[in-house]
Amino acid sequence: MDLAAADSPAATFVPLKDEAAGLDGVIALHSAALGPGAGGCRFWDYPTAEAAQVDAARLAQGMSYKNAMAGLPFGGGKAVLRKPSGGFDRAALFRAFGRAVEDLGGRYITAEDVGTTPFDMGCVAGQTRYVAGLPRAEGETGGDPSPWTARGVFISMKLAAEYQLGKPLSACSVAIQGVGNVGAALARLLALEGARLIVADVHALNAARTAEETLAEIVEPGAIVAAEADIFSPCALGGVLDRSTIPQLKARIVCGAANNQLATAQDGRALADRGVLYAPDYVVNAGGIINVAGEYLGWDAVSTANRVERIAMRLMSVLNHADEARLPTNLAADALAQQILADARAQEPAL
């Protein structure tokens, strides 16, 4: 997808630049109606600064809606860093990023995202306290958020299969696009449930490792959208569902962990017109940010897990609203999230 041509929501941008450390990127802040902007730090090969900024804006808006729908006291924010083309000192780069986060004084809280790790967040934490996703002892809330993201998608998929297909996941086939940390964790949950799996990843080793562990069939990355499956699960980067890929879908459900799966809002209508149930990404993939919130706010592990389990209930509310308002599910979710934000702004005291 041409990111520069995608929908570009309004956001406040904080440029990030430290040539000595190799830092080049942007923090996008979308809404502070519910609290400080919270969202992960993405580290990726963006071709241009404009592409990085456009992606940051869309991701920040997604975080505003995700945090609102998850009932979290945070607004929407996202950091997008461009990966240096040559050699670089990773620790120095993320220390520089941490200093930039600290300079915002709590307006933005960062964590892991695509391309970043608990080690990176540890480097950030040496410079600021406005960070989560740090290594934790077993049983503690926090750490790598990817298993929690996968858990939220899994329980949402169970609901969607019963709602749309009238059958359990054990009787379903699922095509997973991208089996990195989240996609692989989701595949393991689905395998334990008895689902038949088809996987693809641009990194062949990821696909091979997941297939060996879950007995999944491997297909080429370009073939996964059109795979013969009940459910298509995008778990890589966004923008995968557009005018060229939607006609290829054979699945009757789309439910995955990737952010911004729809290239445009209109693509939600195109899915609905084809009879495909789209589980809005920021509703079902909220497990990771819930875990991050639990770490940052000091929740115990049980409270955090219970909040993640309620993701399926929130998805059901979206499906009900979509039916009642005769809206595609993406627009139904947006309407609910926007109402939460509007109610929060209405309660702000007048200056």
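1. Leaving aside neighbours within four places in sequence, which residues is Thr110 in contact with? This is a predicted model, and there the partners of Thr110 are Gly39, Gly40, Cys41, Phe97, Val101, Met121, Val124, Tyr130, Val131 and Ala132. Thr110 sits in the loop between β6 (108-109) and α3 (118-125). Is Thr110 buried or exposed? Thr110 counts as buried, because its relative accessibility is 1% and the cut-off for buried is under 20%.

2. Arg188 is placed in helix α5 (residues 181-193). Its relative accessible area is 35%, so Arg188 is partly exposed. With neighbours within four places in sequence set aside, Arg188 is in contact with Glu213 and Thr214. Glu112 lies 76 residues from Arg188 along the chain, and the C-alpha atoms of Arg188 and Glu112 are separated by 21 Å.

3. On disulfides: the search of the whole structure finds 0. The cut-off is 2.5 Å between the sulfur atoms. Cys123 is buried, at a relative accessible area of 11%.

4. Cys255 is in no disulfide either. Its nearest cysteine sulfur belongs to Cys235, 8.5 Å away. Cys255 has a relative accessible area of 0%, so this cysteine is buried.

5. Next, the helix pair α9 and α10. Helix α9 covers residues 287-297, and helix α10 covers residues 301-309. How do the axes of α9 and α10 cross, and within what distance do they come? The axes come within 9 Å and cross at roughly 155°. That makes α9 roughly antiparallel to α10, because angles over 145 degrees count as such. The crossing of α9 and α10 is right-handed.

6. Which residues meet where α9 packs against α10? From α9 come Gly287, Ile290, Asn291 and Gly294. From α10 come Thr304, Arg307 and Val308. By class, this contact has 2 nonpolar, 4 polar and 1 charged residues.

Notes
Residues are numbered from 1 along each chain as its sequence is written. This is a predicted model: local features need pLDDT of at least 70, side-chain atom pairs count only at pLDDT 80 or more; totals for chains, interfaces and linings use all residues. Side-chain values use heavy atoms; hydrogens and water are left out. Axes are lines fitted to C-alpha atoms, for helices over the stretch in contact, and angles run from 0 to 180 degrees between N-to-C directions. Helices (H or I, at least four residues) and strands (E, at least two) are DSSP runs, numbered from the N terminus. Angles under 35 degrees count as roughly parallel, over 145 as roughly antiparallel, 65 to 115 as roughly perpendicular and the rest as oblique. A crossing is left-handed if the near helix is turned anticlockwise from the far one by less than a right angle, and right-handed if clockwise. Contact means heavy atoms within 4.5 Å. Ala, Val, Leu, Ile, Met, Phe, Trp, Tyr, Cys and Pro count as nonpolar, Asp, Glu, Lys and Arg as charged, and the others, Gly among them, as polar. Buried means under 20% relative accessible area, exposed over 50%, partly exposed in between (1.4 Å probe, protein chains only).
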